[in-house]
Amino acid sequence: MAKGDFQRNVATWMQGRNGGDELGTFCTIVSFIILIINLFLHTLFLSIVALALIVYACWRVVSKNLEARESENETFVGLFGPLARWLRNPAAAVAESRDYKHLKCPECGQRVRVPRKKGKLRITCPSCHNKFEART
Ligand SMILES: [Zn+2]
């Protein structure tokens with residue numbers, strides 16, 4: 001079987017499935033952290049928790065109930081959004097939080113990124129075009 005065939009087969013198989021998302025990545029990272037801690041602690045409980053997280057992450061990747069997975073991931077990103085950004089690329093997140101401030105539009109809740117230390121800014125929301133002022 002040629003390499004291209006294999007890739008095509010995987011792509012076909014993945015069609016209509018959830019694939020990787022923030023929640024899945026988070027579960028995988030947490031389970032690896034637990035496994036590393038468990039190298040020293042050797043507890044059955046932590047092994048089971050780590051295994052369960054990996055199984056859950058894999059199950060999310062192949063799940064075909066996209067709506068449910070998407071809403072779970074949205075809830076997760078809503079709760080841990082800033083954290084997920086830090087996990088994805090810590091260096092970029094540091095630079096980002098130094099140079100920019102994240103605000104929420106008071107009308108629609110859309111997140112808006114504004115440069116820091118520019119004094120009082122008049123901001124136009126990109127999604128509902130509401131105008132509001134904020135200190136940066
Ligand atoms: Zn808005």
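This is a predicted model: local features need pLDDT of at least 70, side-chain atom pairs count only at pLDDT 80 or more; totals for chains, interfaces and linings use all residues.
Reader: Where does His129 lie?

Author: His129 is part of the loop that runs between strand S3 (120-124) and strand S4 (131-135).

Reader: What is the phi of His129, a residue that is not a glycine?

Author: The general idea is that a negative phi is what most residues other than glycine have. His129, although not a glycine, has a positive phi of about 60 degrees. A second case is His42, which is not a glycine either and has a positive phi of about 55 degrees. His42 is placed in the loop between H2 and H3, and with a relative accessibility of 64% His42 counts as exposed.

Reader: At what angle do helix H2 and helix H3 pack, and how far apart are their axes?

Author: Helix H2 covers residues 22-41 and helix H3 covers residues 44-62; the two pack at an angle of about 160 degrees, and their axes lie 8 Å apart. To read such an angle, one needs the cut-off that over 145 degrees counts as roughly antiparallel, and H2 and H3 are therefore roughly antiparallel to each other. The crossing in which H2 passes H3 is left-handed.

Reader: Which residues make the contact between H2 and H3?

Author: On the H2 side the contact includes Leu23, Cys27, Val30, Ile34 and Leu41, while on the H3 side Leu46, Val49, Leu53, Tyr56 and Arg60 are among the residues taking part. Sorted by kind, the residues of the contact of H2 with H3 are 14 nonpolar, five polar and one charged.

Reader: How many disulfides does the structure hold?

Author: The structure holds zero disulfides.

Reader: Which residues is Gly119 in contact with, leaving aside its neighbours within four places in sequence?

Author: The general idea is to look for partners beyond the sequence neighbours, and for Gly119 these are Ala134, Arg135 and Thr136. Between Gly119 and Ala134 there are 15 residues of separation in sequence and 8.3 Å in space, taken from C-alpha to C-alpha. Gly119 is placed in the loop between strand S2 (111-115) and S3, and with a relative accessible area of 30% Gly119 is partly exposed.

Reader: What separates the C-alpha atoms of Glu67 and Asn18, which are 49 residues apart along the chain?

Author: The C-alpha atoms of Glu67 and Asn18 are separated by 9.1 Å. Glu67 belongs to helix H4 (residues 66-88), and at 70% relative accessibility Glu67 counts as exposed. Another pair to read in this way is Leu51 and Pro106, which are 55 residues apart along the chain and whose C-alpha atoms are separated by 42 Å. Leu51 is a residue of helix H3, and its relative accessibility of 56% places Leu51 among the exposed residues.

Note on methods
Residues are numbered from 1 along each chain as its sequence is written. Side-chain values use heavy atoms; hydrogens and water are left out. Axes are lines fitted to C-alpha atoms, for helices over the stretch in contact, and angles run from 0 to 180 degrees between N-to-C directions. Helices (H or I, at least four residues) and strands (E, at least two) are DSSP runs, numbered from the N terminus. Angles under 35 degrees count as roughly parallel, over 145 as roughly antiparallel, 65 to 115 as roughly perpendicular and the rest as oblique. A crossing is left-handed if the near helix is turned anticlockwise from the far one by less than a right angle, and right-handed if clockwise. Contact means heavy atoms within 4.5 Å. Ala, Val, Leu, Ile, Met, Phe, Trp, Tyr, Cys and Pro count as nonpolar, Asp, Glu, Lys and Arg as charged, and the others, Gly among them, as polar. A disulfide is a pair of cysteine sulfur atoms within 2.5 Å. Buried means under 20% relative accessible area, exposed over 50%, partly exposed in between (1.4 Å probe, protein chains only).
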